[in-house]
Amino acid sequence: MLTTQQKHVLETDGHIFIAEFLPNIDIVSCGKTVGKVVAPLTLKSGLKAEKFETLTPKNAITSNKNTYSSIFGLGEFPYHTDLAHSSLPPKYLLLRCVKGAESVKTNVLKSQKIFDNYNYTKLKKCIFKPRDKLITRTLLPLPLIFDDEFIRWDSVFLLPANKNAENFQNWMSEIKWNGLEDSYSLSTLGDTLIINNWMNLHSRSLVPEKDRSRIVERIYLSEIWK
Ligand SMILES: [Fe+2]
C-alpha cells in the first residue's frame, strides 16, 4: 500500500516515481499492494489481470505494426494515453524496472497542458475511431474528451473521424512540449512509476544501442487503495 504522502503526490501530481519500491516482489504482487490490478484490455490475447507485460526495446518491423516498438523501434515514442483506443482506457499504469537504463527516460505530460493551449469547445468536438478493428473488436466513435475532463490521445491507434479531430491531430504533431514534461529513468531494480493515464500523456525517449537490454514491466490499475 502506498503511504499517505505517496497517495497525496499521486493525487496532486497525477503520477509518482518511487525508487526501489518493494524490489524483491513481482510486479503483480506489487500492484496488488497499491490498488486493483486489471487486465490491459478484456479481449486482448486473452490476458487476465494476473498477467503483466514485459517491455523491451526492439527494432522497428515492417509488418504487424500493432505495438509502439514495432513502429518506432528504438526511436522516441510520441506522447500517448495507454489503450486510448479502448472504450475506457485504464486509469493507472504502473511501470517497473527489471533491468535499468539510466539514459532512457519516461516522460509524463499533464493533459492540462493541452487544455491550457487549445480551445475546450473544439476539443469537445473531436471524435476519433480506433485505427484497427482487430485490436479493439469495435469501431465505436471515441470522443477525445471523456467525462468532460480527461483526454485520450494516441497518434497511431486513433484515426480522426471529423474535421475537429483532424485539426487536433495536426496540432499535436507539430507542438513541442520541451520543458513542460516530468522525466524519469527506471534505472534500478524495483524503480516504479505510477501514472494516472486519464490525467497525463506519456512517452519514451529514444534508446541508445548500449541500453537495448532495458527491461520494464507494466500492469494497469483501476483504483488505488485508500
Ligand atoms: Fe504507453
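A polar contact, as I use the term, is a pair of N or O atoms within 3.5 Å, where one must be able to donate a hydrogen and the other to accept it. In this predicted model, the side chains of His80 and Asp82 make such a contact, at 3.1 Å.

I'll stay with His80 for a moment. His80 sits in the loop between α3, residues 68-72, and β4, residues 92-99. Is His80 buried or exposed? Its relative accessible area is 7%, and the limit for buried is under 20%, so His80 counts as buried. Setting aside neighbours within four places in sequence, His80 is in contact with Tyr68, Trp153, Asp154, Leu201, His202 and Ser203.

Now the metal. Which protein atoms are the donors of the iron ion? They are NE2 of His80, OD of Asp82 and NE2 of His202, lying 2.0 to 2.2 Å from the iron. Written as a sequence pattern, the spacing of these donor residues is H-x1-D-x119-H. Asp82 is in the loop between α3 and β4, while His202 is in strand β13, residues 200-204, so this pair ties together parts of the chain 120 residues apart in sequence. Asp82 and His202 are both buried.

At a relative accessible area of 23%, Ile175 is partly exposed; buried would need a value under 20%.

Last, the cavities. How many cavities of 30 Å³ or more does a search of the whole structure find? One. The largest cavity has about 30 Å³ of space. Its lining is made up of Val38, Pro40, Lys51, Phe52, Glu53, Arg218, Ile219 and Tyr220. Strand β14, residues 215-224, supplies the largest share of it, three residues. Five of the lining residues are nonpolar, three are charged and none is polar.

Phe52 and Ile175 are 123 residues apart in sequence, and their C-alpha atoms are 33 Å apart in space.

Terms used:
Residues are numbered from 1 along each chain as its sequence is written. This is a predicted model: local features need pLDDT of at least 70, side-chain atom pairs count only at pLDDT 80 or more; totals for chains, interfaces and linings use all residues. Side-chain values use heavy atoms; hydrogens and water are left out. Buried means under 20% relative accessible area, exposed over 50%, partly exposed in between (1.4 Å probe, protein chains only). Helices (H or I, at least four residues) and strands (E, at least two) are DSSP runs, numbered from the N terminus. Contact means heavy atoms within 4.5 Å. Donors are N, O and S atoms within 2.8 Å of the metal (3.2 Å for Na, K and Ca); water is not among the atoms, so sites may look incomplete. On a 1 Å grid over the protein atoms alone, a cavity is a set of points where a 1.4 Å probe fits but cannot get out, and a pocket is an open set with protein on both sides within 12 Å along at least five of seven lines; lining residues have an atom within 4 Å of a point. Grid points are joined across faces, edges and corners, and a volume is the space filled by probe spheres set on the points. Ala, Val, Leu, Ile, Met, Phe, Trp, Tyr, Cys and Pro count as nonpolar, Asp, Glu, Lys and Arg as charged, and the others, Gly among them, as polar.
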